[in-house]
Amino acid sequence: MNLFKYLFWGFGISFLGSIPLGYLNVIGFQIYQQSGLSALSGYLLGVISVELVMLYLTYKGVVFLSKQLQMARFIELFSIVFLLILAFVFWQNSSVITHKNGVFNKPFAGSYFATGIVLNLLNFMQIPFWLGWHLFVNKSGVLSRSQRNVYFFGALTGTFCGMLLLIAVLAHFVSGSLWIQKYFLTSFVPAFFLLMAGYQIYSFQKKYFFH
């Protein structure tokens, strides 16, 4: 049950984080439209290959910080601020839907796996994203190796499934996806992050002010 919790956290965090319509999803949609599911699968595998490296590096950074006892309170406060900022950013970004032509209309050549790797290497927002979530997941202590591995597996699976789901929606229900982007993403995802921030605030107060 304990391992399932970390699998759930990894999957849920990554799944929700991959749903908003960013450039990785737009390009994945174009690849699917032009070359089909096998090409899209190669692209997504390239994306999550980079994410695995980022997960490991950012996790190591958080573990180092968590061992500095004098920084513990600051780290917990930062995780609360991070969740609030994340809720605002997701609400702001998902409330504006744009349709642009140009580079996405050009045929994709070469390895789709390599395309996923290169494009996700340019996705610098994943660094603060995972730093913040690692802080949240480790708030009760550093994970064991098995817990960490299950958490990573859940995160990678969540990214793959989340992107695949959104691309499938865009491909088959384009007009409907506009409604999803406008109402679902501007309400449910930010609300989820606000709830997590509220839980963190409650835990912080209970730990430091109500013994």
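Begin by selecting Val118, which is partly exposed, with a relative accessible area of 49%; here buried means under 20% relative accessible area, exposed means over 50%, and partly exposed lies in between, with a 1.4 Å probe and protein chains only. Val118 is found in helix H5, which covers residues 112–121, and helices are DSSP runs of H or I with at least four residues, while strands are runs of E with at least two, numbered from the N terminus.

Before going further, note that this is a predicted model, in which local features need pLDDT of at least 70 and side-chain atom pairs count only at pLDDT 80 or more, whereas totals for chains, interfaces and linings use all residues. Residues are numbered from 1 along each chain as its sequence is written, and side-chain values use heavy atoms, with hydrogens and water left out.

Next, show the whole protein chain as a cartoon: the chain has eight helices and zero strands. Of its 211 residues, 43% count as buried. The protein chain exposes about 11700 Å², and carbon and sulfur atoms supply 72% of that area, as computed by the Shrake-Rupley method with a 1.4 Å probe.

Which residues touch the most other members of the largest nonpolar core? Select Ile13, Trp130, Trp133, Val137 and Tyr151, which hold that place among the 23 residues of the core. A nonpolar core is a set of buried Ala, Val, Leu, Ile, Met, Phe, Trp, Tyr and Cys residues joined through side-chain atoms within 4.5 Å. The largest share of this core, five residues, comes from H6. If you then select Ile31, Ala39, Tyr112 and Leu119, you will be looking at members of a second, separate core of 15 residues. In soluble globular proteins, nonpolar side chains tend to be buried together.

The aromatic rings come next, and a search of the whole structure finds eight aromatic pairs. Rings of Phe, Tyr and Trp (its six-membered ring) pair if their centres lie within 6.5 Å, and planes under 30 degrees apart count as stacked, over 60 as edge-to-face and the rest as tilted. Select Trp9 and Phe136, whose ring centres are 5.1 Å apart and whose planes meet at 75°, so that this pair is edge-to-face. Trp9 lies in helix H1 (residues 2–18) and Phe136 in helix H6 (residues 126–137), so the pair ties together parts that are 127 residues apart in sequence. Both Trp9 and Phe136 are buried.

Then select Phe129 and Trp130, an edge-to-face pair with 5.2 Å from centre to centre and 85° between the planes; Phe129 and Trp130 are both buried.

Leu131 touches Thr58 and Val62, not counting residues up to four places away in sequence, where contact means heavy atoms within 4.5 Å. Draw a line between the C-alpha atoms of Leu131 and Ser79, and you will span 8.9 Å between residues that are 52 apart along the chain.

For the last stops, select Leu16 in helix H1, which counts as buried at 10% relative accessibility. Leu16 and Gly158 are 142 residues apart in sequence, yet their C-alpha atoms are 7.9 Å apart in space. Finish with Leu77 in helix H4, partly exposed at 39% relative accessibility, whose C-alpha atom is separated by 7.9 Å from that of Phe204, 127 residues away along the chain.
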